[in-house]
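The sequence and the structure follow.

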Amino acid sequence: MPPVLLIAGSPSAPSRSTALLHAVADHLAQRDVEAQLLQVRDLPAASLLAADTTAPAIAKAVDALAAAPAIVVATPVYKAAYSGLLKTFLDLLPQTALKGKTVLPLATGGSPHHMLALDYALRPVLQSLGARHILPGVYASDAQVTLVPEGAYRLQDELALRLAEAVNTLATEGLQRPPVHGFAPVAFSDVRCSV
Ligand SMILES: Cc1cc2nc3c(=O)[nH]c(=O)nc-3n(C[C@H](O)[C@H](O)[C@H](O)COP(=O)(O)O)c2cc1C
């Protein structure tokens, strides 16, 4: 199975939202599921802004997304929505880039008040890209993710538990689903109608 793609949408380093992705990667590794981290901030800025999908680094990222059976996307909350950096990447994807895929959305924000940004801002975009199954998101406020200077991080117990549960759902519902090939044909004699 190709790796699960972990998309980091923060322009910052170190990054709390990216720390959530590292925790997800650890949980996936415990299940022998390979994951690949895509740091959008490392993609060439001019090509991102121009949506130049011929730029090799961007083409590689788009290919990794196309191959991935599932996507985990993490963003900081910026102005009550997701980051503009993440949007530059999502905007250059083909319209059905997430077709057949399961997506787990993650976000961190300065306070708990903007937790619904996952649902009212990010979810419709993922839906418009054809995601098959968008799992309930995981939101953390800054106080729940402690970054330490050496690049490590510590998650509050309650948050760590929610992430573990989300990865469990991703693994059981997202990675074990058969691929989508459209609707299977149904013989006319099998069609039942009730009014
Ligand atoms: C430009 C900017 C806008 C922000 N807007 C919000 C906001 O609207 N709501 C919120 O809760 N936090 C907001 N924050 C705080 C970040 O969402 C928060 O610190 C987040 O954890 C940063 O994630 P990162 O470390 O992955 O970049 C903002 C931060 C920045 C830099």
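The shell around the ligand is made up of 9 polar, 5 nonpolar and 3 charged residues. The model is a predicted one, and every value below is computed from it.

**Ligand site**

- The ligand has 17 residues around it, and those that come nearest are S10, S15, S17, V77 and D142.
- From a side chain, H114 places a polar atom 2.7 Å from a nitrogen atom of the ligand.
- On its own the ligand has 650 Å² of accessible area, of which the protein covers 73%.
- Helix α1 (16-30) and strand β4 (102-109) are the elements that contribute two or more residues to the shell around the ligand.

**Nonpolar cores**

- In soluble globular proteins, nonpolar side chains tend to be buried together.
- The largest nonpolar core in this model holds 37 residues, and the members that touch the most others are I7, L65, F89 and L93.
- At least two residues of this core come from each of β1 (4-8), α3 (56-67), β3 (70-76), α4 (84-91), β4 and α5 (117-128).
- The element that gives the most to this core is α5, which supplies 6 residues.
- With residues up to four places away in sequence not counted, L93 touches V62, L65 and L129.

**L5**

- Residue L5 is part of strand β1.
- Is L5 buried or exposed? L5 counts as buried because its relative accessibility is 1%, and the cut-off for buried is under 20%.
- Which residues is L5 in contact with, once neighbours within four places in sequence are left aside? The contacts of L5 are Q36, L38, A64, L65, A68, A70, I71 and V72.
- L5 and A67 are 62 residues apart along the chain, and their C-alpha atoms are separated by 8.8 Å.
- L65 links two of these topics: L65 is in contact with L5 and is also touched by L93.

Terms used
Residues numbered from 1 in each chain as written. Predicted model: local features only at pLDDT ≥ 70, side-chain atom pairs only at ≥ 80, totals over all residues. Heavy atoms only, no water. Near = heavy atom within 4 Å. Polar contact = N/O pair within 3.5 Å; in protein donor to acceptor, adjacent residues only side chain to side chain. Areas by Shrake-Rupley, 256 points an atom, 1.4 Å probe, with all protein chains shown as cover. Helix = DSSP H or I, 4+ residues; strand = E, 2+ residues; numbered from the N terminus. Nonpolar A, V, L, I, M, F, W, Y, C, P; charged D, E, K, R; others polar. Core = buried A, V, L, I, M, F, W, Y, C linked by side-chain atoms within 4.5 Å. Buried < 20%, exposed > 50% of the residue type's maximum accessible area, 1.4 Å probe, protein only. Contact = heavy atoms within 4.5 Å.
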